[in-house]
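Let's take a walk through this model, ring by ring and then on to a helix and a cavity. Have the viewer open as you read.

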Amino acid sequence: MFMDVNHWIGVIRSATVMTMRDDAGSGFRAAFGVAEFRVLWCASLTSIVGDQLARLALSILVFQRTGSPAWTALTYALTMLPGLLSGVLLTGLADRYPRRTVMVCSDLGRAALVAVMAVPAVPLPLVVALLVLVQLAEPPFAAAQGALLPVVLGERRYEAGQSIHLITHQVGLLLGFAGGGLVVAWLGTSGALAVDAVTFALSALLLRLGLRPRPASLTPSDGPSTGVWWAQVRAGAGLVWHDRRLRLLIAIGCLAAFAVVPEGLAAPFSEEVGAGVAGVGVLLAADPAGMVVGALLLRLVPAAARVRLLGLLAVATVLPVAGYFLSPGLGFAVGLLALSGAFSAYQVTAGATFVRLVPDRRRGQALGFARTSLVAAQGLGVAAGGLVAQWTGSTTGTIAAAGAAGTVLALAAAASWSRVSTTVTTDG
C-alpha cells in the first residue's frame, strides 16, 4: 500500500519541465472551432440555467404549500435521487439508439412534463410524481451527450471540451446561488418552471437542427446483447468490473464522497462559527469557484502528466478538508473549500480517461455506471456526514474526520494508480 516516492518525484519533475500550455490543436479554441460542439455547449447552457431556476422554484413552491422543511428537503432530493435508478437501467439507451435521438426525445419529454408542473392549479402530489419522471429522463440524456462528445471532438480536443462543460456547469451554479432567488421572486414559481420547460424545448431544437444524424453504436454484429436490455446492462457492468483501470478511475472519482461532506454540513457549520445564514451561500460557492480556476489551470499541464498525476490530485482534493481539524473560522474554511475545489478538477481528466478506455459501442452504458457511482457516493457521503455530526454534536470534527479518512483512501488509490497509469497513457 506504500507509494513509490521516486515514481512521483519523476512525475512532478516531468510535469514541471514540460511546456506549460495546451497541446497544439487541443485547447479551448480548438474545441469551440467544432460546430457540433458549439451546439452541444449551447444546449447544455440553456438546460443548466433552466434547471437551477426550477430547483429553487420547486423548493419555494413546496414550502409555500406545505410550510414543511422536511417536504421541502425531500423535494430537493428528488431532483437527484431518481437518477440513481435510471443511471443503471436506462443509460444503455444511448448505445441502442442514435444518440441525437435519445437527447432530443429526453429534452422534449422533460419540456412537456415541466410545462404541466408549471400550471398553478396542479396538485402537489402530481408535481412530485412529474418531478420523478423528469429526473428519470436525465441520465439517458447525459450518457448520450457524454458518449457523443468524443465522437464530435476527436481524442485530442475531447478533454478540453469536458473542461468547458465543467466550467460552464460550475459558473451556472455560481450564478444560480447569486441571482436565482431574485429571478424566482420576479417570475414566480410557475413562471420559473415555465422558463425551464422552454429551455428544454430550445435544447431539443438546437440538437435536432445542429447535430448530424449518426447510427446507433450497437449493431447486430455486437452479438446477442444487442437490443436485449438486461444483457446490455450486464455487459456494461462486466466491462467496467473486469478492467482494473476502469475500476480505479471510478474509485478515484468516488472519493468525492469525502470532499462533499462540508457542502452537506454548510448550514450547521456556518451557525457553529457564528456566520449564520449569510455564510451558507459563501461556503457553497467556494467549491465551484475553486473548481473553475482549477479546470483552467489544469489545462496548462501536458496531457500525459495530467493522467499520471490523477492519484496525487485526488489526495490534494480531500486533504484540505482535513484542515477543519484546525477549527477554522468562515474565511479560512472558504479558503480550504476553494483549494479542495481547485484540485477536484482532476475529475475532468479522470472522466476523459475513462471514456478513452471504453469502446464506443458500450460507452453510454459504462458512463451510466460511472456517473451513478459518483452520484451515489456523494449522496452517501452527505448522509453519513449528517448522521455522524448529529451523533457527535460536532460539525467541524465530522468534516475533519471525513477529510482524514478520505486522504487515507486517496493515498491507497494513488498508489494503485501509479502502477497502471503508464498503460493508460500508452493506450490513450
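How many aromatic pairs does the structure hold? There are three aromatic pairs, where rings of Phe, Tyr and Trp (its six-membered ring) pair if their centres lie within 6.5 Å, with planes under 30 degrees apart called stacked, over 60 edge-to-face and the rest tilted.

## Ground rules

This is a predicted model, so to speak a calculated one: local features need pLDDT of at least 70, side-chain atom pairs count only at pLDDT 80 or more, and totals for chains, interfaces and linings use all residues. Residues are numbered from 1 along each chain as its sequence is written, and side-chain values use heavy atoms, with hydrogens and water left out.

## The aromatic rings

Phe 32 and Phe 37 sit edge-to-face, 5.5 Å centre to centre and with 65° between the planes. Phe 37 counts as buried because its relative accessibility is 0%, while Phe 32, at 30%, counts as partly exposed. The cut-offs here are under 20% relative accessible area for buried, over 50% for exposed and in between for partly exposed (1.4 Å probe, protein chains only).

Phe 269 and Tyr 324 make another edge-to-face pair, with 5.1 Å between centres and 65° between planes. This pair ties together distant parts of the chain: Phe 269 belongs to helix α14 (residues 266-272), Tyr 324 to the loop between α17 (310-318) and α18 (330-343), and the two are 55 residues apart. Helices are DSSP runs (H or I, at least four residues), numbered from the N terminus. Phe 269 is buried, at 1% relative accessible area, and Tyr 324 is buried at 1% as well.

## A charge over a ring

Have a look at Arg 110, which lies over the face of Phe 141, 4.9 Å from the ring centre. For Arg, that label needs CZ within 6 Å of the ring centre and within 35 degrees of the ring normal.

## Helix α18

Which residues of α18 are buried? They are Ala 333, Leu 336, Leu 337, Ser 340 and Gly 341. Seen down the axis of α18, the buried residues fall within an arc of 135° (taken from the directions from the axis to the C-beta atoms), so they line one face of the helix.

## The cavity

Arg 99, Arg 100, Leu 148, Arg 212, Pro 213 and Arg 214 line the largest cavity. On a 1 Å grid over the protein atoms alone, a cavity is a set of points where a 1.4 Å probe fits but cannot get out, and lining residues have an atom within 4 Å of a point.

Conventions:
1 Å grid on protein atoms, 1.4 Å probe; cavity = no way out; pocket = protein on both sides within 12 Å on 5 of 7 lines; lining within 4 Å.
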